[in-house]
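Here's a walk through one protein model, taken piece by piece. Keep the structure open beside you as you read.

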Amino acid sequence: MTDTDHDPYLWLEDVTGDEALAWVRAHNEPTVDALTGTARFAELQDQTLAILDSDDRIPYAARRGAYLYNFWRDAKNPKGLWRRTTLESYQSDTPEWDVIVDVDELSRVEDENWVWHGGTILRSTLTPGDNPDEQYRHALVSLSRGGADATVIREFDLVTRTWIDPADGGFTLPENKSRVSWIDEDTIYVGTDFGEQPDGTSSLTDSGYPRIVKKWVRGTPLTEAPIVFSGATTDVAVNASYDDTPGHERHFASRATDFYNSELYEIRGGENILIDVPTDAAASIRLNWLFVLARSPWELADVTYQTGTLVVFDYLKFLDGNRDGTVLFTPDAHTSLADFSFTRSHLILTTLHDVQTQLEIRTLGDWTPVELTGLPPVATISVLGVDPDVSDEIFLNTSTFTLPSTLLHGDTSVGSVSPIKQAPEQYDATGVTVDQRFATSADGTSVPYFVVRRADIESGPTLLYGYGGFENALVPSYSSVSGRNWVQRGGTYVIANIRGGGEYGPEWHTQAVKAGRHKVYEDFAAVAAELVRDGVTTVEQLGAQGGSNGGLLMGVMLTRYPELFGALVCQVPLIDMRRYHKLLAGASWMAEYGDPDNPDEWEFIRPFSPYQNISADVDYPEILVTTSTRDDRVHPAHARKLVARLEETGHKPHYYENIEGGHGGAADNKQAAFMSALAYEFLWETLTSAN
């Protein structure tokens, strides 16, 4: 089929159409029959569910006021509990949790398949004599039906433990990809589907996200709420927020013109004041300072800041035209800035050096380094749960491929952290080795990858995982599921840090977008070829796995590099790149892949669009394709049409579509365990039978 031919499988784009769902069920059944009947599948599923439901997992929490809030799922509460406790109790072995919302009970009472999507708690201003609990009383809770991105938003009172009825002035929004944020206890910013506007335009962007933001006052009709900010239908989304930092209260709005470019404004006195930084930069305002992370070379006055540089300015002076900045971080060939965050007194820089994380702490204002003791010598470190308006308290999570997570707690003003929670070992990592290696891609670029395996394994079934997109870095971390279900079993697990990700800063990503997209696939193919060349595995015993953008990666491996693999697992994938921008949120990704309707851009997209490159004359590796009916981000038709086209050309793919689950593929731990076991059973059966 050429890209100009009629597409015979457009009917599979009807997500919940009777004919399409009948096709789904007809394809699910043989896959379930073929893969789920063995004792090994049952063991894989049970082991995975035990890990996901384990009571001794770390209950990660975020502080709001006097409490640490956590969302928790386990075997008894598959839909989950939103709960809270004090720090003192949290640090004990058996915290006393106060349950705020029981999602299982809520689903039962309301006869809805609710999936938790988070709660946003307002910090109100207290006057003398007020009850401290009143300061954190109001919450906006997001609930999804079946795991979709679209959510229902409802207001919850944390003091009375009740949902606030719209008739009593409660903020409530129907199912949509809405965006809301608190201003005060009676006012919110809201972006949602307001319907067709007076000028005939949609209130949503072409990507299906809010184009208009209104300021909604409690007790007034949403239809009468004034518009405070709007963008174009071709934008990805617009947003507005209120910074309630004491003494620095400000209103902001932004419009994302594409996935990587946005305009940031301060709303002041009814005027939108543009913050004149590059649209592709990451900008953050904190107290008196404007922080800018350059994602391309930035020429400013007589200075050029290279890509990946973090610069700080006096915010108010910057608005007045002063461009005197202080460089806080400069990248090199091996080191990039992965993230930055704040405590009350400090700036925290998280850097990556050859995909290994490091932390740097600086004092706000004079930017002097601060030593933070108690960190492990080598581990992936993530900053969690800081509230910079309240204190210098900090939570850090650390892990490696072989050491489970440790939660550290401390204070940047004291300069130390110490362990307060330790996750259990979920697989036997005794004798498991981790090697970082580098493959050479087609253009000579050195591409890092990690090889995780038992020391007694020299060669055998190998699973190569990759993503390669949206500046998402794959860093070393403890994976209980792959450790128990693959490495402990005798398989080799490989993570490829290919271009398109953020492992070496913005340029590692930007050189592989649009016309440079081929570099993503060449990098992954180079790692695959080297694994065979170095004797880690054979072609017949090499499998690969990826989801979403990584699912597209698998589709390209299938159609462009079939000779490199024995099996592929392609999950919630993008596949039809001729129509991806017309399906659900696809239009928002044109800055990553290109515009198929532009003939010049279609020329570099077409060779890597799996749907248009399937052939009856090629011997493809075995493939399992999975997706979710409720995925409203990447349309399930991508996976459906891939399988239909493969079958049309005489191939025999395996297919499974979860009727629920959203973009993650599963709505609860039981579904997640089933989907995981399905993939590992398929891979192990296929790759070991090739021996």
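## A run of paired strands

Start at His 346, which stands opposite Thr 363 in strand E26. Strands count as paired here if DSSP finds at least two bridges between them.

How much of E25 (residues 346-353) is buried? Of its 8 residues, 7 are buried, where buried means under 20% relative accessible area, exposed means over 50%, and partly exposed lies in between (1.4 Å probe, protein chains only).

## About the model

This is a predicted model, so to speak of local features a pLDDT of at least 70 is needed, side-chain atom pairs count only at pLDDT 80 or more, and totals for chains, interfaces and linings use all residues. Residues are numbered from 1 along each chain as its sequence is written, and side-chain values use heavy atoms, with hydrogens and water left out.

## The open sheet

Now move along to an open sheet of 8 strands, with the order E32-E33-E35-E34-E36-E37-E38-E39 and mixed pairing. E32 and strand E39 (654-658) sit at the edges with a single partner strand each, so one side of each has no neighbour in the sheet. On average, neighbouring strands are turned by 15° against each other, direction ignored. Axes are lines fitted to C-alpha atoms, for helices over the stretch in contact, and angles between N-to-C directions run from 0 to 180 degrees.

Inside the sheet, E34 and E35 run parallel and are joined by 4 bridges. Thr 462 stands opposite Thr 492 in E35. Helix H12 (residues 637-648) packs on the sheet, touching strand E37 (567-571), strand E38 (622-628) and E39, and its direction makes about 150° with that of E38. H13 packs on the sheet as well, touching E34, E36, E37, E38 and E39, with its direction at about 160° to that of E37. Contact means heavy atoms within 4.5 Å.

Helix H8 (residues 518-533) has 16 residues and reaches 22 Å from its first C-alpha to its last, close to the 22 Å expected at 1.5 Å a residue (the expected span is 1.5 Å times one less than the number of residues). Its buried residues include Tyr 521, Phe 524, Val 527 and Leu 531. What do the buried residues of H8 pack against? Their partners are strands E32 (432-440), E33 (446-454), E34 (462-465), E35 (492-496) and E36 (542-547), along with helix H9 (549-560). Just after H8, Gly 535 takes a positive phi of about 80°.

The largest nonpolar core has 100 residues, and Leu 464, Tyr 521, Phe 524, Val 527, Leu 531, Met 557 and Phe 565 touch the most other members. Its largest share, 10 residues, comes from helix H13 (residues 669-689). Such a core is a set of buried Ala, Val, Leu, Ile, Met, Phe, Trp, Tyr and Cys residues joined through side-chain atoms within 4.5 Å. Not counting residues up to four places away in sequence, Met 557 touches Tyr 521, Phe 524, Ala 525, Pro 562, Phe 565 and Leu 568.

## A buried arginine

Is Arg 499 buried or exposed? Arg 499 is buried, at a relative accessible area of 0%, and it lies in the loop between E35 and helix H7 (506-510). Its side chain makes polar contacts with the side chains of Asp 443 (2.8 Å) and Gln 511 (3.0 Å). A polar contact is a pair of N or O atoms within 3.5 Å; within protein, one must be able to donate a hydrogen and the other to accept it, and residues adjacent in sequence count only if both atoms are side-chain atoms.

Methods
Helices (H or I, at least four residues) and strands (E, at least two) are DSSP runs, numbered from the N terminus.
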